[in-house]
Amino acid sequence: MSIVNLGVPSASAPGPATVLAPRRPTRRIQVGTVAMGGDAPISVQSMTTTPTSDVNATLQQIAELTAAGCDIVRVAVPTADDAAALAQIAQHSQIPVVADIHFQPRYVFAAIEAGCAGVRVNPGNIRKLDDQVKEIAQAAKDHGTALRIGVNAGSLDPRLYAKYGRATAEAMVESAVWEASLFEEHDFHDFAISVKHNDPVVMVRAYELLSAAGDWPLHLGVTEAGPAFQGTIKSATAFGALLSRGIGDTIRVSLSAPPVEEVKVGIQILQALGLKERKLEIVSCPSCGRAQVDVYTLAERVTAGLEGLDVPLRVAVMGCVVNGPGEAREADLGVASGNGKGQIFVKGEVIKTVPEAQIVETLIEEALRIAETMSPGEGAGPLVTVS
Ligand code: SF4
């Protein structure tokens with residue numbers, strides 16, 4: 001943050017969110033109750049980590065993901081016991097369930113018959129998938145099941161490894177387009193495609209190529225992105241590069257962390273890009289030599305105190321009077337600190353000045369009071385508006 005004060009912005013809010021580019025037109029499909037592609041909202045997905053055969057544990061985790069804002073959940077189906085559990089899971093889940101199938105084409109049919117909203121197939125490791133496309137397409141049509149052709153760098157079709165020498169963007173796209181053409185030959189069009197790679201640069205290139213090759217809804221993912229910190233950076237960078245150009249219809253952040261964290265990161269990425277309504281947003285400064293309060297602690301305590309607030313409220317927590325009053329005025333609520341005191345702003349007006357020790361409780365009190373009067377969409381809008 002600059003330490004040069006460029007003046008206090010006006011108190012007027014910066015208007016509604018705009019996005020960096022219009023969504024690329026894709027065909028719209030239906031994954032259970034969730035529309036995907038076309039102008040449907042970009043959905044957030046995750047995957048359970050429980051054994052799918054443990055129905056109660058899996059449903060419990062799905063409930064936690066649902067509460068966190070997950071739109072679609074995927075479950076692994078490595079065994080016959082997992083396949084047998086799908087009907088109950090699909091029936092009791094509040095969000096659409098997608099069965100993730102590798103190696104065993106018979107589980108594709110089992111998942112469709114179990115009532116899963118979608119099935120992910122990996123053309124790289126389902127032997128004889130190509131021979132069974134007709135039957136799979138027919139079963140999916142009969143049950144209204146969507147498919148995802150999920151190509152993954154780690155399990156690329158051996159024929160394409162042989163041709164390209166490694167999992168290049170071109171190799172993954174060739175695999176996906178080939179598989180898509182087989183389903184389309186059988187007049188089946190209700191599928192999305194993913195071409196995931198652990199390297200964001202290769203991944204972005206692959207989705208660019210895929211996006212230019214057809215109008216399929218695209219499921220974005222950086223596969224095996226790593227532990228939470230690294231995976232968040234990789235996913236945010238790659239998704240940002242694509243979503244900012246209108247590419248991508250659904251996202252899954254892959255983290256070596258609990259799946260609820262994936263959902264939180266996914267939602268934050270969409271909100272940051274103006275592709276999803278923002279909820280509580282803490283605008284806090286990084287602090288610097290000018291800070292006259294402990295900004296880190298202040299921001300953490302305010303964030304913790306307002307956790308779960310479900311309205312688009314922007315709260316500014318600023319360390320000094322350089323940018324403090326300006327940011328605090330732009331937010332729904334804010335504090336500009338200095339000289340052991342905090343000036344509390346509400347909707348651009350100073351409503352009171354409190355001793356430093358009372359800043360947190362005053363902000364929380366005022367936030368809850370404002371939140372009671374707000375409905376979704378009434379907040380100050382995004383901090384930065386891009387045309
Ligand atoms: S303390 Fe915060 S608001 Fe003040 S100049 Fe430093 S970073 Fe900016």
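Is Asn198 buried, exposed or partly exposed? With a relative accessibility of 33%, Asn198 counts as partly exposed, where buried means under 20% relative accessible area, exposed over 50% and partly exposed in between (1.4 Å probe, protein chains only). The structure is a predicted model, in which local features need pLDDT of at least 70 and side-chain atom pairs count only at pLDDT 80 or more, while totals for chains, interfaces and linings use all residues. Residues are numbered from 1 along each chain as its sequence is written, and side-chain values use heavy atoms, with hydrogens and water left out.

**Surroundings of Asn198**

- Asn198 is placed in the loop between strand S8 (191-196) and helix H7 (200-213); helices (H or I, at least four residues) and strands (E, at least two) are DSSP runs, numbered from the N terminus.
- Not counting residues up to four places away in sequence, Asn198 touches Val222, Thr223, Glu224 and Lys234, contact being heavy atoms within 4.5 Å.
- Asn198 and Arg106 are separated by 92 residues in sequence and by 29 Å in space, C-alpha to C-alpha.

**Pockets**

- On a 1 Å grid over the protein atoms alone, a pocket is an open set of points with protein on both sides within 12 Å along at least five of seven lines, whereas a cavity is a set where a 1.4 Å probe fits but cannot get out; lining residues have an atom within 4 Å of a point.
- Grid points are joined across faces, edges and corners, and a volume is the space filled by probe spheres set on the points.
- The largest pocket holds about 700 Å³ of space.
- Its lining has 19 residues, with Ala68, Lys264, Gln268, Lys279 and Gly308 nearest the centre.
- Helix H1 (55-68), helix H9 (259-272) and strand S11 (281-284) are the elements that give two or more residues to this lining, and H9 gives the most, with five residues.
- The lining of the largest pocket comprises seven nonpolar, four polar and eight charged residues; Ala, Val, Leu, Ile, Met, Phe, Trp, Tyr, Cys and Pro count as nonpolar, Asp, Glu, Lys and Arg as charged, and the others, Gly among them, as polar.
- The second largest pocket holds about 350 Å³, and among its 19 lining residues Asn152, Thr223, Glu224, Arg252 and Ser254 lie nearest the centre.
- Three nonpolar, nine polar and seven charged residues make up the lining of the second largest pocket.

- One cavity of 30 Å³ or more is found in a search of the whole structure.
- The largest cavity contains about 110 Å³ of space, and of its 15 lining residues Val31, Met36, Gln45, Val98 and Arg148 are the closest to the centre.
- Strand S7 (146-152) is one of the elements that give two or more residues to this lining, and S7 provides the largest share, three residues.
- Nine nonpolar, four polar and two charged residues form the lining of the largest cavity.

**Packing of H3**

- Helix H3 (residues 105-113) and helix H4 (residues 133-143) pack at about 10° with axes 9 Å apart; axes are lines fitted to C-alpha atoms, for helices over the stretch in contact, and angles run from 0 to 180 degrees between N-to-C directions.
- H3 and H4 are therefore roughly parallel to each other, the term for angles under 35 degrees.
- Val108, Phe109, Ile112 and Glu113 of H3 meet Glu135, Ile136, Ala139, Ala140 and His143 of H4 in this contact.
- Pro105, Tyr107, Val108, Phe109, Ala111 and Ile112 are the buried residues of H3.

Technical notes
Angles under 35 degrees count as roughly parallel, over 145 as roughly antiparallel, 65 to 115 as roughly perpendicular and the rest as oblique.
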